[in-house]
Amino acid sequence: MSGSVLVVDDEEIVRNSVRQWLELGGFTVRAAAGADEAIRLVTESPPDAVLTDFRMPHRSGLDLMRDVHRADPDIPVVLLTAHGDVPLAVAAMREGAYDFLQKPHDPELLSAVMTRAIERRQLKLQLRQLSDRLAAPGEIDARLVGLSKAMVAVRAGILELAGHDRDVIVTGETGTGKEVVARALHDFGPRAKAPFVAVNCAAIPAELFESELFGHEAGAFTGARGARIGKFEHASGGTLLLDEIESMPLPFQAKILRALQERTIERVGSNKLLPIDVRVVAAAKGDLATESRQGRFRSDLYFRLAAAEINLPPLRERGNDVLLLFEHFAAAAAKGAGRPMSSLRANDLDALLAHDWPGNVRELKNVAERYALGLAATGRSVAEILRRGEPGAPQRTLADRVAAYERALIEAALREHDGSIAAVTEELGVPRRTLNEKMAKYALARPGRKDS
């Protein structure tokens, strides 16, 4: 990665050798013999990163770092230190230094550290642009954050399909943001002012499917004391998201197919056809084409929906989007809590990029919020947070790690939905009784309540 580096060292031989090595590596390099000259160069033209000696006459590298961060807090500063200065350098990192290298430094390591530092700077600049977009909710970039080719293609596909009225399939692993895509299709299209209704098909008992989606008349079955409209009618004029549609029972898939073909429904207990005006977005964790070939999903329903399809990539395939998303979520959490944002270190970036992210963006958001809301302040790194499902003792077994991840998901959902049990059961796709049992198991309380 190319970028601009300001090298600061009072020893001309060291300054020139470092400059030559970095220029051979493709960096654009300027040099300064002291802190005063360096801050003047930073003010004239901010570099992507600063590499400075720790001990210099008149003013130290730490003094320079403070000046640089006053001018631009997002410029990473790397310190060159003697062996005896390592404790001071570690303290400087707590104050905001990006990293430090001991003299005599390893040239290859120097290039690697400066590459990561510049990468960090570019991410910060991208976050500034993102923050501007977040101020204007109409920007799709604020909904689906990422600069990878895959996410650029996803946003382009959404904007292309939003203006059409055809039904859409959205596929992607758990936590990739399928509902976010469905909402974007709704909000950026002509149905934006009408209702957006989300239904988790995995959370509806088979015997209640027809009533839940089509509604029922009074007396249609035991307990049906009054008429009730279903989700199709509730979404009239707007968008209906059928999440986890692959879990829908096969017999009911035929009724959904007929409703989509005829654009009419019948409430349970009624013979009257009711016209529906609704756009359907079907979300699935797996490939519905494969499911239909293997007989687990009706092929005719798949082909009825498959006129348009958006596939969300897993987070592990999105490269530096991981870092951008982490910064975005952590900064938002820190701001919401009124806390300063702890700066990510080089090993934090490595840990984020090396992690497999089985829970995708949902898992990343949880880790970022935990980092921002206090764990970083106690000296815990991102790597430690990823290794631990809980802030306590490390989990060594798979069962412990799965339990910790399950607890984190339920806790995040409770917080996101302000303790609404109905909303949490719908998001997580579990029955209310199961959720209550798990909340008791993990001693989780609904936000703002003392009961668990």
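How much accessible surface does the chain have, and what share of that surface belongs to carbon and sulfur atoms? The accessible surface comes to about 21700 Å², and 51% of it belongs to carbon and sulfur atoms. Areas here come from the Shrake-Rupley method with a 1.4 Å probe; for residues, only the protein chains shown count as cover.

Before you click, know that this is a predicted model: local features need pLDDT of at least 70, side-chain atom pairs count only at pLDDT 80 or more, and totals for chains, interfaces and linings use all residues. Residues are numbered from 1 along each chain as its sequence is written, and side-chain values use heavy atoms, with hydrogens and water left out.

**Stop 1: the whole chain**

Show the cartoon. The chain has 19 helices and 14 strands. These are DSSP runs (helices: H or I, at least four residues; strands: E, at least two), numbered from the N terminus. Of the 452 residues, 48% count as buried. Buried means under 20% relative accessible area, exposed means over 50%, and partly exposed lies in between (1.4 Å probe, protein chains only). Now think about contacts, meaning heavy atoms within 4.5 Å. Among contacts between residues at least 6 apart in sequence, 68% join residues at least 24 apart.

**Stop 2: helix α4**

Select residues 86-95, which form helix α4. V86, A89, A92 and M93 are buried there. Why do they sit on the same side of α4? They cover an arc of only 110° around the axis, and this puts them on the same side. The arc is that of the directions from the helix axis to the C-beta atoms. Turn to the other side of α4: P87 and R94 are exposed. Just after α4, pick G96, which takes a positive phi of about 130°.

**Stop 3: the cores**

A nonpolar core is a set of buried Ala, Val, Leu, Ile, Met, Phe, Trp, Tyr and Cys residues joined through side-chain atoms within 4.5 Å. Select L22, L51, M114, F326 and L352. Of the 42 residues in the largest nonpolar core, these touch the most other members. Helix α13 (residues 321-337) gives the largest share of this core, nine residues. Zoom in on L352. Leaving out residues up to four places away in sequence, L352 touches V322, L323, F326, L344, W357, L364 and V382. Apart from this core lies another, of 32 residues, including F209, L240, L257 and I265.

**Stop 4: salt bridges**

A salt bridge is a side-chain nitrogen of Lys or Arg within 4 Å of a carboxyl oxygen of Asp or Glu. The whole structure has 29 of them.

Start with R19 and E23, whose closest N and O atoms are 3.3 Å apart. They are four residues apart in helix α1 (residues 12-24), so about one helical turn separates them. R19 is partly exposed at 30% relative accessibility, and E23 is partly exposed at 40%.

Move on to E212 and K231, bridged at 3.7 Å between their closest N and O atoms. This pair links distant parts of the chain: E212 is in helix α8 (residues 209-214) and K231 is in helix α9 (residues 231-234), 19 residues apart.

Then select R433 and E437, which meet in a salt bridge (3.4 Å, N to O). R433 is exposed, with a relative accessible area of 65%, while E437 is partly exposed at 46%.

Finish with D36, R59, D67 and R70, which are linked in a network of salt bridges.
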